[in-house]
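Dear colleague,

I am passing on the structure that we discussed, with the sequence alongside. Please open it first, and then read my notes below.

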Amino acid sequence: MSDVLIVGGGAIGICSAHYLNQAGFSVTVLEKSEVGGACSHGNAGLIVPSHVVPLAAPGVISQGLKWLFNSSSPFYIKPRLSSDLISWIWRFRSACSESRMRRSMPIIHELIQASLPLFDELAAIDDLSFGYRKEGLLMLFAKEKGRQDCLKGANLARGMGMPVEELDQEALRALEPHVPDGIIGGVYYPQDAHLDPGRFVTALAAKLKQKGQTTIHTQTEVTELVEEQGKIVAVRTNQGDFTADQILLAGGSWSPLIARTLGLKLPVQAAKGYSITLPGPTVSPRIPMILAEAKATVTPLENQIRFAGTLELAGLDPSINRKRVASILKAAPTYFPDFRAESVSRGQIWSGFRPCTPDGLPMIGRSDRFDNLLVATGHAMIGITLAPITGKIISEIAAEQSVQATSAQSLADLSVERFSA
Ligand SMILES: Cc1cc2nc3c(=O)[nH]c(=O)nc-3n(C[C@H](O)[C@H](O)[C@H](O)COP(=O)(O)OP(=O)(O)OC[C@H]3O[C@@H](n4cnc5c(N)ncnc54)[C@H](O)[C@@H]3O)c2cc1C
């Protein structure tokens, strides 16, 4: 029997396994399909100190309503009768205030800043290679409205003490020669970085297996958490029962389904996004980019280029909506004049579910109701960025040590049962 059993082999589950091992715990990971095969696989792979504004922010609701009936918009809520969705939207709406955003930003900032040095440490592990590059991030705009949005974000980031550079066309071109003529300016975040997210998770998992303190069971689906007197006594799967002293629920967007078997409600909605990864690009930027008007990201990977974007609250439906994929790609020729739509047929189209809480903060902590249950989910758009620090915090909580990365007040804001009141 392992000390800790982790449900979910995504970035959060595997990083948690790493830090739990470092803290001296033996770990078993149960994964229903393949390690790193879900949302942690085809995402944009950006490590983003620049992203201090939570998903729940002023203006999101009014913008979302404008886009609601546009099936190719970057943000879309599929109308459906679901009490979970309705109560999530209700909570999301009240979190979209200036004061709530200002309260969440320092917490996100603190977590991200604590995660950054951990990426350096992980990249320094012998033979662990996951395409980690510290090139910063460019937010580009082609129109005045895009410029205003970018500068607003830049001011908020600067207010948190982050280095931010506003660039005109000439300065942009000097930094990244692949920026085309139509772009009128950009904002550069030098602290940002990127990696190949799929490789990050699978390479770290392979390393953990090799070291022998972590056992990973793939194709092992958790069907029930069995509780007796406030403690989880068994984890039921399609491969039999497992037990451990402590259980970590890191099932991404599926976490609410698993928690429900305990009668525990986790308000996490799946926000589907897409990426298109093209092999052998003729032009590839050195610095990843976010295209302000298109709300799409461009990440240079080894011999590949990845376009990603859109956010669709449509439940756990993995189907590919071609209109949304097209809306991401529509932006490509503006930024890459050599881009040919035909090359998409050689590319890989992927969809993933971001696990989103209504207040835009993840849930990281020990359950108040179930003694030996830890939860780490709800990382929304920054789960790769926050994976190392989440794992570290979980290992400290499991070891009943004081958490170094963040204050007790912030931990209360990240607590598992904060929506139960
Ligand atoms: C288009 C897009 C772009 C993104 N870009 C970025 C980015 O640039 N930077 C960034 O930081 N983040 C980004 N994200 C967000 C990031 O991908 C997620 O926040 C992160 O991957 C979540 O990790 P996770 O481990 O919680 O979930 P997942 O990776 O989904 O892992 C959960 C795992 O649990 C398993 N599981 C579920 N149910 C069960 C069960 N019953 N039994 C056993 N196993 C189970 C699943 O199979 C899965 O492997 C992006 C997301 C999308 C969609």
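Which backbone N or O atom lies 3.0 Å from an oxygen atom of the ligand? That atom belongs to Ile 384; a polar contact here is a pair of N or O atoms within 3.5 Å, and within protein one must be able to donate a hydrogen and the other to accept it, while residues adjacent in sequence count only if both atoms are side-chain atoms. The protein covers 97% of the 1,000 Å² of accessible area that the ligand has on its own, with areas taken from the Shrake-Rupley method and a 1.4 Å probe, and with only the protein chains shown counting as cover for residues.

Please bear in mind that this is a predicted model, in which local features need pLDDT of at least 70 and side-chain atom pairs count only at pLDDT 80 or more, whereas totals for chains, interfaces and linings use all residues. Residues are numbered from 1 along each chain as its sequence is written, and side-chain values use heavy atoms, with hydrogens and water left out.

**Around the ligand**

The ligand is surrounded by 34 residues, the closest being Glu 31, Ser 40, Leu 46, Ala 380 and Thr 385, where a residue counts as near if one of its heavy atoms lies within 4 Å.

In strand E20 (residues 373-377), 5 of 5 residues are buried, meaning under 20% relative accessible area with a 1.4 Å probe and protein chains only. Leu 373, Val 375 and Thr 377 lie on one side, with Leu 374 and Ala 376 on the other. Strand E13 (residues 244-249) runs parallel to E20 and is joined to it by 3 bridges, strands being paired if DSSP finds at least two bridges between them. Strand E19 (residues 363-366) pairs with E20 in the antiparallel sense over 4 bridges, and these two strands form a hairpin with 6 residues between them. Leu 374 stands opposite Leu 248 and is also the bridge partner of Arg 366.

With best wishes

Methods: Buried means under 20% relative accessible area, exposed over 50%, partly exposed in between (1.4 Å probe, protein chains only).
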